Amino acid sequence: MAPLTYELNRLNCGYQMKNQNVKVSNLLYMDNLKIFGKNEQEQRKEMKLIQTYSTDIAMEMGLKKCAKVTFKRGERVKSKGIKVGDSDLIKELGENETYKYLGINETWGIDKTQVKDRLRREYRQTRKMLTTYKMHHPKADVDRLYTSRKDGGHGLMQVVEAYKAAVINLSYYLHRKDNDKYVELIKKIDQDLPTGQPTMKIANKISEEIQIEERGNETEENTKNKIKNKILDQIKNKWVEKQMHGQYPRAVQEYLIDKEQTYRWLRKGELKGETESLIIAAQDETINTRYHKKNLLKHNINSKCRLCEEHEETTEHIIAECTILAKHEYIKRHNQVCRNPHYNICKEYGIEVGKK
């Protein structure tokens with residue numbers, strides 16, 4: 001598609017930026033193309049070129065996805081659609097309609113309210129699906145969802161953190177990119193935006209928040225990784241610092257446990273999502289034990305173990321400390337865990353074994 005943008009630029013059509021020796025005729029990303037013209041004649045001229053180009057490379061334009069919108073002095077005005085060829089027509093955008101470019105609804109600008117509403121709906125829907133299909137226990141820690149798997153989390157991407165990383169990376173790109181008229185134009189427009197909106201200022205604020213500084217000698221890839229790791233560390237720390245949900249990761253740190261081996265089961269991904277969710281919920285102390293009911297849900301009950309009646313009925317107590325379970329269940333669990341390696345060792349050295 002690069003030859004097409006080259007030809008469009010050669011037409012000398014487009015939007016002349018105020019006080020700038022730059023004319024913008026098109027925006028192209030992959031197969032998403034947006035063209036600009038200062039009047040109807042320029043737009044028809046550009047469309048004729050696009051149609052010729054499409055015919056030459058045997059590519060059909062998706063006119064049903066196209067729309068036209070007209071602005072004069074910053075105000076949207078009504079106009080007719082634009083004709084393509086002898087019969088096809090690109091319709092004028094309706095008064096309350098938006099067009100989609102790179103997945104974002106736009107008219108005279110990005111409809112931020114609509115974008116935020118869509119993100120909220122999708123976020124709620126995602127969380128609902130995770131709970132419905134038992135991929136996330138409803139009482140398990142939310143920050144752990146977005147902690148990387150190597151650190152004990154689910155490894156999902158958080159929208160807010162992805163936004164922060166994108167803003168900082170964009171700011172770094174604009175800062176480092178020189179001798180490009182379009183980048184310089186973007187910088188100028190960015191500086192003229194109202195207070196609180198310029199990308200550079202937002203990026204600086206986020207950088208201070210996550211305590212990161214740019215180093216001129218770093219490669220772009222190193223910078224991106226540094227930003228990503230900083231943000232992930234912040235999410236992980238929020239989880240670790242929680243009084244109840246953070247008990248498990250604090251114990252891993254405190255007792256010099258091999259973190260890599262401890263969380264290896266999460267990175268291998270061999271368990272069903274439902275099983276993984278249950279284990280994580282147990283580690284987060286959200287299983288409905290007597291201790292949880294009394295101290296978290298404030299039920300008026302005895303919090304002692306219902307079997308041994310000696311200690312608080314916590315998740316740790318049930319898993320490894322109950323004297324009643326130790327007599328049978330712990331031994332049974334031990335034997336089940338050891339059975340498979342024992343069988344494999346016997347097979348390796350030719351020792352006769354029964355059916356597995």
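Okay, a definition to start: angles between axes under 35 degrees count as roughly parallel, over 145 as roughly antiparallel, 65 to 115 as roughly perpendicular, and the rest as oblique. The axes themselves are lines fitted to C-alpha atoms, for helices over the stretch in contact, and the angles run from 0 to 180 degrees between N-to-C directions.

Quick housekeeping. This is a predicted model, where local features need pLDDT of at least 70 and side-chain atom pairs count only at pLDDT 80 or more, while totals for chains, interfaces and linings use all residues. Residues are numbered from 1 along each chain as its sequence is written, and side-chain values use heavy atoms, with hydrogens and water left out.

Helix labels next: helices (H or I, at least four residues) and strands (E, at least two) are DSSP runs, numbered from the N terminus.

So, let's look at helix H4, residues 159-176, and helix H6, residues 199-210. Their axes come within 9 Å and cross at roughly 120°. That's why H4 and H6 count as oblique to each other. The crossing is left-handed, meaning the near helix is turned anticlockwise from the far one by less than a right angle (clockwise would be right-handed).

Who touches whom here? Contact means heavy atoms within 4.5 Å. On the H4 side, the residues include Tyr163, Val167, Ile168 and Leu174, and they meet an H6 set that includes Met200, Ile202, Ala203 and Ile206. By class, the residues of this contact divide into eleven nonpolar, four polar and two charged. For the record, Ala, Val, Leu, Ile, Met, Phe, Trp, Tyr, Cys and Pro count as nonpolar, Asp, Glu, Lys and Arg as charged, and the others, Gly among them, as polar.

H4 has another partner, helix H5, residues 181-191. H4 and H5 pack at an angle of about 120°, with their axes 9 Å apart, so they are oblique to each other. This crossing is left-handed too. Here Tyr173, Leu174 and His175 in H4 meet Val183, Ile186 and Lys187 in H5. That contact has four nonpolar, one polar and one charged residues.

Now the inside. Buried means under 20% relative accessible area, exposed over 50%, and partly exposed in between (1.4 Å probe, protein chains only). A nonpolar core is a set of buried Ala, Val, Leu, Ile, Met, Phe, Trp, Tyr and Cys residues joined through side-chain atoms within 4.5 Å.

Which residues touch the most other members of the largest core? Out of its 14 residues, they are Ile168, Tyr172, Ile210, Ile212, Ile227 and Ile231. H4, H6 and helix H7 (220-240) each give two or more residues to this core, and H4 has the largest share, with four. Take Ile227: leaving aside neighbours within four places in sequence, Ile227 is in contact with Ala165, Ile168, Asn169, Tyr172 and Ile212. Apart from this core lies another, of eleven residues, among them Leu4, Leu8, Met47 and Val84.

Back in H6, we also find Asn204. Is Asn204 buried or partly exposed? Partly exposed, because its relative accessible area is 45%. Compare Thr5 in helix H1, residues 2-10: Thr5 counts as buried, because its relative accessibility is 15%. Leaving aside neighbours within four places in sequence, Thr5 is in contact with Asn26 and Leu28.

Last stop, helix H11, residues 273-283. Its buried residues are Glu276, Ser277, Ile280, Ala281, Ala282 and Gln283. Their cover includes helix H8 (247-254), helix H10 (264-268) and helix H13 (315-321). After H11 comes Glu285, with a positive phi near 65°.
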